[in-house]
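Trainee: Please show me how to read a protein model. I would like to take one feature at a time.

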Amino acid sequence: MRIAVLGGGVMGETLAAAFLEGSPRPEVVISEKRAERAAELERGLNVSVVAPDQAVRGADVIVLVVKPQDTATL
């Protein structure tokens, strides 16, 4: 299973971490626009952080975790 988390803030990170505790462990990818935060997520969760279009490609589940004002841009 592939889960795409769009938004790597506190809530996105929390959800991604919870998904990774599942068994069998799903593939979790995160989309985050801030490079520094993306690097933190890659190191801390050992996940790929990619552009939104790459994250959703082939995803079985898409979780949108951004502020309402950012949804149109996303």
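Mentor: Start with the order of elements. From the N terminus on, the protein chain runs β-α-β-α-β-α-β. Helices (H or I, at least four residues) and strands (E, at least two) are DSSP runs, numbered from the N terminus. The protein chain has three helices and four strands. The radius of gyration, taken over C-alpha atoms, can be set against the globule rule, 2.2 Å times the number of residues to the power 0.38. The protein chain has a radius of gyration of 11 Å, close to the 11 Å that the rule gives for 74 residues, so it is as compact as a globular protein of that length.

Trainee: What should I know about the model before going on?

Mentor: This is a predicted model: local features need pLDDT of at least 70, side-chain atom pairs count only at pLDDT 80 or more, and totals for chains, interfaces and linings use all residues. Residues are numbered from 1 along each chain as its sequence is written, and side-chain values use heavy atoms, with hydrogens and water left out.

Trainee: In what order do the strands of the sheet lie?

Mentor: Two strands pair if DSSP finds at least two bridges between them. Here an open sheet of four strands has the order β3-β2-β1-β4, and the pairing is parallel. The edge strands are β3 and β4 (61-64), each pairing on one side only.

Trainee: How many bridges join β1 to β2, and how many join β2 to β3?

Mentor: Five bridges join β1 (residues 2-6) to β2, and these strands run parallel. Within that pairing, I3 stands opposite V28 in β2. Two bridges join β2 to β3, also running parallel. There, V29 stands opposite S48 in β3.

Trainee: How many residues of strand β2 are buried?

Mentor: Buried means under 20% relative accessible area, exposed over 50%, and partly exposed in between (1.4 Å probe, protein chains only). Strand β2 (residues 27-31) is mostly covered, with four of its five residues buried. Over the protein chain, buried residues make up 34% of the 74 residues.

Trainee: Is R37 buried or exposed?

Mentor: R37 lies in helix α2. R37 counts as buried, at 11% relative accessibility. Next, look at contacts, meaning heavy atoms within 4.5 Å. Leaving aside neighbours within four places in sequence, R37 is in contact with G8, G9, V10, E13 and E32.

Trainee: And where is R34?

Mentor: R34 is in the loop between β2 and α2. At 48% relative accessibility, R34 counts as partly exposed. R34 and Q54 are 20 residues apart along the chain, and their C-alpha atoms are separated by 16 Å.

Trainee: What about the backbone angles?

Mentor: Look at two loops. P24 lies in the loop between α1 (10-20) and β2. A cis peptide bond joins S23 and P24, with omega about 0 degrees. N46 lies in the loop between α2 (35-45) and β3 (48-49). N46 has a positive phi of about 55 degrees although it is not a glycine. N46 is exposed, with a relative accessible area of 62%.

Trainee: How do I read contacts over the chain?

Mentor: Check how far apart the partners are in sequence. Of the contacts in the protein chain with a separation of 6 or more, 59% are between residues 24 or more positions apart.

Trainee: What does the C-alpha trace span along its principal axes?

Mentor: The C-alpha trace of the protein chain spans about 35 × 25 × 20 Å along those axes.
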